[in-house]
Structure formats: structure tokens, C-alpha cells
Amino acid sequence: MEGQTRRKYFVGILIVYLAGIFMGAIDTGIVTPAREIIQNNFLVDGKTGIWMITVYTLAYAASIPVTGKLADRVGRKTIYIISIFLFGFGSLFCGLSHNFGGFWFLVGARALQAVGGGGIVPIATAEFGTSFPVEKRGMALGLVGAVYGIANIFGSLAGSAILDLFGNQNWQYIFFINVPITVFIIIVGVIVLPNNKDISGKKIDFLGILFVVAMVLALLYGLQNIDFFNFKESFLSTAVYPYLIAFVVLLPVFIIAEKKAQDPIINLDYFTNKRIAMTLLVAFVAGFILMGIVFIPQFSENALKMKSGTGGYFTMILGLLAGVSAAFSGRLIDKIGAKSVLLIGFAISIVGALFLMLVAANNPGIVNVVTSLMLLGFGLGFTMGAPVNYMMLENISDKDASAGLATLSLLRSVGTTIAPAIMVGFIAHAGLSLQSNLTAALPDEIKVPNLPYVQEIMAETDKLKNDPNMAEKLNGVDIPDLTAMQTVKINFESNDESVSIPDDVLKAFQTSDVTTITDAVKLFAEAMFDETSPQRVDEIQKGIKSGIDGITAGRNELSNSISKLHAGYSGLSQGVDGMQQGLVQQQAAIEQLQQFVPMMTGALPGGMTLLDIIPAAVREGIPKSVQATLATVKTPEDLQAQISALEEAETALNAKILSSKKALVDMKTALTEMAAAEDEMTTLVSQMTVLRDEIPAAFKTAESDYLAEIDSRSARLENVYQRTLNGGYKMTYLVVAVSAAVAMLLLVFYQKKKDETA
């Protein structure tokens, strides 16, 4: 009856399981083009933002062995429907996080999604793997692999399309799309799915479930937090070593518990069987290769200079090639075996990764990028699930299919968890040098336009300071170097804490891509100017004002000196006039005394003086001062002595007059020079005032010129941004190439024994 039901509802069963695989796989890819958009929307950095993907792998890995074992015991239909419900419910809350709860609400909803996702692919794969005969098993698993791979990769295309349709700010719709699919699968699944299960009656290993969940979470969380560029310090951090210690402590306890369990959650015999153990190792390494898909949209955007969110369209190339090769590999498995198919796939993956690293990243262009994606997609289709699942199924019994494939998925999930931590580290490490590389491509100085009177002011101030008469008055006056201030050095890497860049500008810079980096740099430069220019302008204006104040003070002092010198000049001029009048009087006295020389033929008798013998009529016409002199003359010698004394006084007075006149000339010259200096200082103050007032406008013009220069270097900035991040992508895909090489090496040691059964 069960077989008839299976045949009757085969198409419905096929649709329900493939729809579940498609929904679970498409969600991984659909988040990829929106990863940076979402993390930027929540203002978290790349290492935090990657948690929206890695938390999914953590919870997915932890739930896989549990749902796989429960599916075998409770029934694949029951656990599958529950898993679909949890996945859809988690998707709903992921979308709602856009408006409620924030980033960590999203992370929690992604974990709920993952718990559901952990039961979708393993259960569906087990159902397909056990329902088809051995000779058709490869084809069946190839179909599963093709749907999974196409959906996973085309998810990026769908993500980009949804972002284009609704806008980057409405990224929640990439999650809401799962809700109607969930409803459809649950309704149809309840009707058509058979509930195949193990009817052995063994007790469910709840203790093992508890241990395996704790161990997986501890191991993957600890590994996820290791910074491989700062291994020692991060390994010793509390976010790593306690969890790894917990794993090491729990492992032997788990092994003991599993050996005692009737139906262990993980069959420990898998790890003692060389072929199964090798298969699990290959799955682990394949997880690294699979996670290379996560960074394809961002690499494509960067390499082809496309805006964020559009790179998902390029995963269509991966999807097409992966879908073709996955379906082809399924048929090829039945002919040449899973090992050979995997070797082909890993070899093609190595070629694709190396081509991306050495050609597409160094010479970005549509042809090179598409070629690398075609190679990666074709190789991925051969390795993404069907061959490894086939190898696992051929080594275990059908009743353990779900649990065995769950263990395989667990190991693959460990690889997909560790891989992003390493890969995003390379990209983050490349991003650390982005600012310095961009700064090196920018002009390192602002050229302030020619300012008015700069040369005149500098020449005049030098002239005044070199003037001995002015040097003392300008002592201590500090005139700024006006020629030097016309070139201002720019340092965008300065750690000056006084410079505060607005959050929206920092966000624009941190969330920029190759297409917006020029605008982001300009915003950053404008913010730097807004912060530093007023201070710089204020410093210059204060320096000029200090010079204005000093020169004004010197001019005022000079004005006082001119006033005093004017007063001295007037006084000296009056003194010269008085001395000249005295000289005339003295000359007249000498002439009068000389008139009396003939009268003095000898000494006068009886104590008489020359005044006594002069007739009264004559005496009245003689000046009083001369009369006083005549009153002292008694002998010719006395008269001659008086005349000589007057002549000497005349000579001295004449010399004094000449000296005073020379002093007047010097004072006149000094007054002229000081007046000229006063006028020059007045002009200088006026020029410096004009210059001071022109400084703000000059800096604004300089900033505009600088921003225009940034625009002119747009292509160069984009190339620097592109080249810098491509360095991180090159190392990321080196991990892919090395992982594929390791997987090939492991496969060399895998030998199938035809006569041995699990």
C-alpha cells in the first residue's frame, strides 16, 4: 500500500521535496547581494555583519544531526513539515527585523531559519537517495544537487532583482518571499508525503542530542571568532578558548554517552570506517569551496564597477553552469563513479579560482569575470552535493540514510562556518589599507587662491622692521607668514581627536562601493574642511589681527613721537629766531663800542668811566645794555676787552644758530620720514584688514578647487578602491583553490571496495 501511495503521489512528493530544497537553498544566495546593504543599514561592520550568514551555518550545523536522527525515528514527513514551518516562521521574523528589533533580532531570526533549514536538505536527500534503485541513485542525487545548486546561486540573482524592484532600503522582501512558499509546501506536504521512518523501537538518544548541539555550537562559535590575522591574541580571547575547551571536555563525554546509547545521534563507526571518514573529510573541505559563492556578487560589483546589490545578477552565470554540470555529474556518477566526478569538479574549481585570482582580479573586465564565474560554476556543479552524498549513501544502510547524510552535512557545515571567518578576514584586512591607499591618490594640500596685498604686506613689514627708527616700535609684533599660508597640507589619516566627523558621513564612507567612493571621499573631505577650516581660518585671522593691533600700536606711538617732535621743532625754531635777534643786537653793540675806541687814548682820570665822558645827548641814544658796558670801561684795555668778549659771544651765538638750524633741518627730515611711515602703517593696516576679511572666502574657493580635483581623479580613486579590495578577493579564492587541491589529495586515498557493505 505504501508503494502504491508513493507511485500515486510521486509527482507531488517530487515537487514538495524539491520546493523545500529550492527554498532552503535560495535563501542562502538571496542574502548574499544584500549582506553589505543589511549590515550598513544596521550600522555594523563587516566582521559583525557576516554573522547573519555564519549564525545560519552555526544553527544549521547544530540542527542537522538532530533533525536527521529524528527524521529516521519520528518520520521524515513529520520532521520535514516542522522544519519547513520553522524556516518560514524565521523568514517572517527576518523581514520584520527591518523595522523591529535591530540587527541581533535579525541574527536570532536567522538562527530560527537555520534550525528549520537543518531538516530540509538532509531529509529530502535521504528520501531521494533511498527511493531510487542503486543504478539510478546518481541521477536522483544529481537532480537534488542541481536544484540545490541552481537555487543557491540563483538566490543571488533573486536578491539583486528584489533589491532593484523594491530598493536597497526595502531588503526585508528578500525574506518575505519565503512565506508563501512555506504555506504551499506545508499544505501539499501534509497531503502527499509518506512518513517513512525506522520502526526499530530504539530509544531516542536525547542525551546525545544535548551533547552534540552543545559541542557543535561551542566548536563552531569558537572557530568563528578566531581572527586568522591576529591568531594568537584572538585565540586567547574569551570569545574563543573557553568554547574550544568546552568542546574538548565534552567530546570524550559525548563518545562515552554515544557508545552506551541504543540509537546514537551520531554513529561513531563512521569515523573508524576509512571510506566514510574520508568522505566526511572531503565534505568538510568542500564546505570551504561552497562558501566562495558568498563573495561572488561583491567581487563582481567591485571588478566591474557596479553599484551595491547588482552583483547578484552575475551569479546567474554560476547557476546556469552549476545546474548543467550538477545534472550532468549525476548521470556521470552512474558511469564513472563519484570519486572521478569529484576529481573533475575539484580540478575545474582550481582552474576557475586561479583564473579569478590571476586574471580577472588583476585585469577586471566583463570577459575575464564571466570566464572565471563560468569555470567556478561548472566545477561547483560537480562537487556541491550529489557525488559526496552518493559516496556516503553507498557506505551506509538505507535506514540510516537521514542520519548519515545529516552527519555529512554537519561536517560540510563546519567547513562553511570556518571558511567565511577566514575569507572575510582577507577582505577586511584589505579594507584596512583602503584609507591609506585612497589618501595616497588624493591631493595632499589645498592651494589657497592669491590673496590681496600679500606681497605688499610682507615687503612693507620687512622694510619697517629693518628701519632702525621703527624696529623698536614694532618690537614684539608677530606678522604671520602670509605666503606660507597659501598652501595648506591635508592629512586625512590624522588621529586628531578634536576632529569630529558626523556619523552620516562616516557611514557614507564606510558603506561606499567602487561606484560611490568618489562621492564618499568628497563628503569626507567636506566634513574634514568643515571641522578644520574654521579653526585654520581663525588662527590666520588672529595672526593677522595681532599684526594689525601691533602695527596700530606702533603707529599710535609714532603719532605721539611726531607730535612731540613737532613741538620740539617749533620751540627750537623760536629759539633760533631769538638767537638771531640777539646776534643782531650783539653786532650792533660791538659796532657802538667800536665807535668809542678813538675816544680812549688813555686811562680816564679820577675813577671816571667811558660813559661819564659821553655827552648826555649821545648817551640817550645808546641802548641800556651798552651803557652798562660803557660804565665799566676806564681804560682803552677795558674797552678792547669788552669788544673782544662781545665778538667771542657773537661767534658762539652764530655757531649755536647754525647748529640749531641744522637740527631744524634734521627734525624736518625726521618729521617727513615719520609722517611717511605713519601713512605707510595706515595703508598697511588697511591692507591687512582687507586681507583678513578675504581669508574665509579664499578658503572656500580653495576647498571647492580641492573637491573639483577629487572629481578629476575619480577614475584613479575607483581603480585604487577596486585594486585594494580585489587583493582581498584574490586571497579569498586562493582559499578556494587550496581547498580544492586538498580535496583532490584526499580523494587519491579513497578506495571503494566493491565487496564490502556498510
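User: Which helices each supply at least two residues of the lining of the second largest pocket?

Analyst: Happy to start there, keeping in mind that this is a predicted model. The pocket has a volume of about 410 Å³, and among its 20 lining residues the closest to the centre are Met-215, Phe-247, Leu-251, Phe-271 and Leu-411. The helices that each give at least two lining residues are helix 12 (206-224), helix 14 (241-260) and helix 21 (401-432).

User: Which helix gives the largest share of that lining, and how many residues is it?

Analyst: The lining of the second largest pocket divides into 18 nonpolar residues, one polar and one charged. Its largest share comes from helix 12, with six residues.

User: What span does helix 19 reach from its first C-alpha to its last?

Analyst: Helix 19 covers residues 366-383, which is 18 residues. At 1.5 Å a residue, the expected span is 26 Å, and the helix comes close to that. Its reach in the model is 26 Å.

User: Are Leu-376 and Leu-380 of helix 19 buried or exposed?

Analyst: An α-helix has 3.6 residues a turn, so residues three or four places apart point the same way. In helix 19, Val-369, Ser-372 and Leu-373 are among the buried residues, and Leu-376 and Leu-380 are likewise buried.

User: Which element of the chain has the lowest mean pLDDT?

Analyst: Across the chain the mean pLDDT is 80, with 88% of residues at 70 or more. Helix 18 (residues 338-360) has the highest mean among the elements, 92. Over residues 1-6 the pLDDT is below 50, and beyond near neighbours in sequence this stretch has six contacts in the model. The element with the lowest mean, 48, is helix 1 (residues 2-8).

User: What percentage of the residues in the chain is buried?

Analyst: The chain has 31 helices and two strands. Of its 758 residues, the buried ones make up 52%.

Technical notes:
Residues numbered from 1 in each chain as written. Predicted model: local features only at pLDDT ≥ 70, side-chain atom pairs only at ≥ 80, totals over all residues. Heavy atoms only, no water. Helix = DSSP H or I, 4+ residues; strand = E, 2+ residues; numbered from the N terminus. Expected span 1.5 Å × (residues − 1). Buried < 20%, exposed > 50% of the residue type's maximum accessible area, 1.4 Å probe, protein only. 1 Å grid on protein atoms, 1.4 Å probe; cavity = no way out; pocket = protein on both sides within 12 Å on 5 of 7 lines; lining within 4 Å. Points joined across faces, edges and corners; volume = space filled by probe spheres on them. Nonpolar A, V, L, I, M, F, W, Y, C, P; charged D, E, K, R; others polar. pLDDT = per-residue confidence, 0-100. Contact = heavy atoms within 4.5 Å.
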